[in-house]
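Hi everyone, thanks for coming.

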Amino acid sequence: MDAYSPDTVLAHLARGLVETERMTQAPGTTGLPYPPSLHIGWNRLSRLMLRQGLPIPPSLPALLDLCEQPLPWPGLELGEGAWLPGDRLLASRRVTEACIEIAQTAGDLEQEEQLMKRVLDHCRLRGPELQPSYERFRTFLIERPVLRNIELLDATREPELRPLVDFLKEAYESVPPSCLRDGKVYVCKHCGWTVTWHGGEPRCGWQQCPGDRDPRSAVPVAHPSEQLLRLREGLYRYVTVPGLVEQEFLRQVQRLGVKVDLYPDFDSWDFRLHLGGGETWAIDLKDWARPFWLARELRTTRKHRHAQDTRAIIVIPDRRVKECPGYLNVLQNCVEEEQGLEYRSTSKLLAEVRERVGG
Ligand SMILES: [Zn+2]
């Protein structure tokens with residue numbers, strides 16, 4: 001892939017902005033020192049602009065101003081489904097959901113994504129007997145975004161989690177002071193993670209959370225802040241948030257009486273459905289808003305159907321397909337046919353399962 005192709009440049013720039021925000025909590029016009037990723041993104045953007053004889057942002061504030069502009073930018077040609085109307089990388093200097101989604105495709109993993117990768121490598125090395133531990137580890141992170149020290153200690157004694165104790169401890173951090181209000185920690189009742197307060201307004205780490213900016217969704221935790229831990233932000237973002245959608249889907253499939261493996265083959269898939277007679281469907285749920293970036297991710301990771309599975313299906317939540325007409329076609333057209341993937345909305349897939357099991 002060309003390092004200076006518009007999609008790669010934009011992905012690196014987005015990654016740089018996300019890391020800057022993590023570093024400073026809010027990238028302002030004085031945003032130095034800023035992380036190397038932002039520097040790389042900025043350099044690549046400048047090179048791309050120069051090649052086309054377009055003006056380059058001469059300063060960090062000018063670059064941030066550009067990032068406040070709606071996509072697509074002049075000189076930055078992107079394919080169908082790369083942005084939704086009104087998408088921009090920054091809004092009032094805060095990274096947007098669009099920015100976070102695009103950053104995910106930059107390829108260089110954030111530290112906390114690396115933790116999940118190290119857990120997987122560790123489990124794969126030890127062999128299939130660690131599959132239940134991996135499953136339990138991942139589910140624990142989804143279900144317990146905030147907990148007490150003592151609860152983490154209890155978890156480390158669970159037989160299934162014991163092989164992954166060091167990773168489990170590494171996954172959590174003390175709750176930072178920015179989450180305190182009147183000396184108390186508040187969590188969002190929808191996503192379960194800590195909220196940060198901006199005036200009287202609670203903000204979730206995930207801007208699309210139904211609880212974001214809704215004071216009624218922020219619930220104080222009864223225990224003192226010193227006793228509390230929270231999942232690191234990257235893990236909340238890349239494990240807990242998608243996990244909420246996964247669990248809802250799981251409940252719906254199980255209601256149809258289908259046997260489901262969770263995170264089979266060490267996370268090659270989210271689920272494997274057993275439909276009887278040896279027929280299995282491998283399922284990956286992808287809650288991405290913009291199909292262009294998802295297609296790019298599926299291409300670069302070479303996601304493909306394994307010989308043991310009858311079908312391999314990428315499932316997209318209904319609201320995503322509704323928000324972006326042509327969503328499934330973009331995937332169909334932009335991912336290699338030989339990868340053997342199929343694309344379905346959640347309701348379509350559930351209808352197919354129902355039909356298959358005669359429910
Ligand atoms: Zn929330």
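Let's begin with a question: in which helix is the place of Leu60? Leu60 sits in helix α3, which covers residues 60–67. When I say helix or strand, I mean DSSP runs, numbered from the N terminus: helices are H or I with at least four residues, and strands are E with at least two.

Before going on, two notes on how to read this. Residues are numbered from 1 along each chain as its sequence is written. This is a predicted model, so local features need pLDDT of at least 70 and side-chain atom pairs count only at pLDDT 80 or more, while totals for chains, interfaces and linings use all residues.

And what is pLDDT? It is the predictor's confidence in each residue, from 0 to 100. The protein chain has a mean pLDDT of 91, and 96% of its residues reach 70 or more. Over residues 26–31, though, the pLDDT is below 50. That stretch still has 14 contacts in the model beyond near neighbours in sequence, where a contact means that two C-beta atoms, placed from the backbone, lie within 7 Å. Please remember that where pLDDT is low, the predicted coordinates should not be read in detail.

Now the overall picture. The chain's secondary structure comes to 14 helices and 15 strands. Its C-alpha atoms fill a box of roughly 60 × 55 × 40 Å, taken along the principal axes. For 359 residues, a compact globule would have a radius of gyration near 21 Å, and this chain agrees because it has 21 Å. That radius is taken over C-alpha atoms, and the globule rule is 2.2 Å times the number of residues to the power 0.38. Among contacts between residues at least 6 apart in sequence, 64% join residues at least 24 apart.

How much of the chain is buried? Buried residues make up 36% of the 359. A residue is buried if 20 or more other C-beta atoms lie within 10 Å of its own, exposed if 12 or fewer, and partly exposed in between, again with C-beta atoms placed from the backbone.

Leu60 counts as partly exposed because it has 19 C-beta neighbours inside 10 Å. Leu60 and Glu338 are 278 residues apart in sequence, and 43 Å apart in space, C-alpha to C-alpha.

Compare that with Phe271, in strand β12 (residues 271–274). Phe271 has 21 C-beta neighbours inside 10 Å, so it counts as buried. Leaving aside neighbours within four places in sequence, Phe271 is in contact with Leu250, Val260, Asp261, Leu262 and Ile283.

Helix α11 (residues 291–300) and helix α13 (residues 327–334) pack at an angle of about 30°, with their axes 9 Å apart. Axes here are lines fitted to C-alpha atoms, for helices over the stretch in contact, and angles run from 0 to 180 degrees between N-to-C directions. So α11 and α13 are roughly parallel to each other. The cut-offs are under 35 degrees for roughly parallel, over 145 for roughly antiparallel, 65 to 115 for roughly perpendicular, and oblique for the rest. On the α11 side, Pro291, Phe292, Leu294 and Ala295 meet Tyr327, Val330, Leu331 and Cys334 in α13. Helix α11 is largely enclosed by the rest of the structure, because seven of its 10 residues are buried.

Arg138, Leu141 and Ile142 of α6 make the contact with Leu235, Val239, Thr240, Gly243 and Gln247 of α9.

Most residues other than glycine have a negative phi, and most peptide bonds are trans. Yet a cis peptide bond joins Leu71 and Pro72, with omega about -5°, and Pro72 is found in the loop between α3 and β1. Arg93, in the loop between β1 and β2, has a positive phi of about 70° although it is not a glycine. Asp267, in helix α10, has a positive phi of about 75° and is not a glycine either. Just after α11, Arg302 takes a positive phi of about 50°.
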